[in-house]
Amino acid sequence: VWGSYSESLLPAQVIHNLEHGGIFMQYGEDVPQATIDELRGFYDSHQNGTLLAPLPGLGDKIALGVWTTSSPTKPDTGTAYLAKCTAFDERAYSAFFDAYQGKGPERFPMDSLQPGS
């Protein structure tokens, strides 16, 4: 289910969301609360097709991940992108979302990928 979580997510469920063109944002246990608050603020304006959750093993890092394909009829042409960083940069995060969100192998309209669905 799309949304913002306070507990870690099951990897298989995250992959299923990526299949539909979504992006995950996960943060480690050592990421400062102020940075988590920035991530939540960014999530609030990018809720459709987005997962936000902790992943303790990331330590002090944040990870953004997505699965894209050149065409929804050619899922074997897929590419996964993973960006890891130790800080929030709204411009960089927005560029990642603009470049990759909504381009998964089993695409749905972004407005149908609302939190809670």
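**Entry 1: the charged pair**

I take a salt bridge to be a side-chain nitrogen of Lys or Arg within 4 Å of a carboxyl oxygen of Asp or Glu. Side chains of opposite charge can pair when their charged atoms come close. I noted 1 salt bridge in the structure. Lys61 has a relative accessible area of 32% and so is partly exposed. Asp60 is partly exposed because its value is 39%. My classes are buried for under 20% relative accessible area, exposed for over 50%, and partly exposed in between, with a 1.4 Å probe and protein chains only.

**Entry 2: what I am working from**

The model is predicted, so I note that local features need pLDDT of at least 70 and side-chain atom pairs pLDDT 80 or more, while totals for chains, interfaces and linings use all residues. Residues are numbered from 1 along each chain as its sequence is written, and side-chain values use heavy atoms, with hydrogens and water left out.

**Entry 3: the negative patch**

I found a negative surface patch formed by Asp37, Glu38, Asp89 and Glu90. A patch here takes residues with over 30% relative accessible area and no salt bridge, joining like charges within 9 Å and nonpolar side chains (Val, Leu, Ile, Met, Phe, Trp, Tyr) within 5 Å. I placed Glu38 in helix 2, residues 33-44. Helices (H or I, at least four residues) and strands (E, at least two) are DSSP runs, numbered from the N terminus. Glu38 is at 40% relative accessibility and therefore partly exposed.

I looked up Thr50 in strand 3, residues 50-54. Thr50 is buried because its relative accessible area is 0%. Leaving out residues up to four places away in sequence, I listed its contacts (heavy atoms within 4.5 Å) as Trp2, Gly3, Ile23, Met25, Tyr43, Phe97 and Gln101.

Asn17 lies in helix 1, residues 11-19. Asn17 has 9% relative accessible area and so is buried. Beyond its neighbours within four places in sequence, I found Asn17 in contact with Val1, Trp2, Gly22 and Leu51.

I placed Thr77 in the loop between strand 4 (62-68) and strand 5 (79-85). Thr77 is partly exposed because its relative accessibility is 34%. Apart from residues up to four places away in sequence, Thr77 touches Thr68, Thr69, Ser70 and Ser71.

I then took the C-alpha separation of Thr77 and Pro105, which is 8.9 Å for residues 28 apart along the chain. Pro105 sits in the segment after helix 3 (90-100). With 10% relative accessible area, Pro105 is buried. I listed Leu18, Glu19, Trp67, Thr69, Pro72 and Pro75 as its contacts, again without residues up to four places away in sequence. Between the C-alpha atoms of Pro105 and Leu39, 66 residues apart along the chain, I read 26 Å.

**Entry 4: Ala80**

Is Ala80 buried or exposed? Its relative accessible area is 63%, so Ala80 is exposed. I found Ala80 in strand 5. Not counting residues up to four places away in sequence, Ala80 touches Val66 and Trp67.

Note on methods: Areas by Shrake-Rupley, 256 points an atom, 1.4 Å probe, with all protein chains shown as cover. Lys, Arg positive; Asp, Glu negative; His and termini not counted. Charge placed at Lys NZ, Arg CZ, Asp CG, Glu CD.
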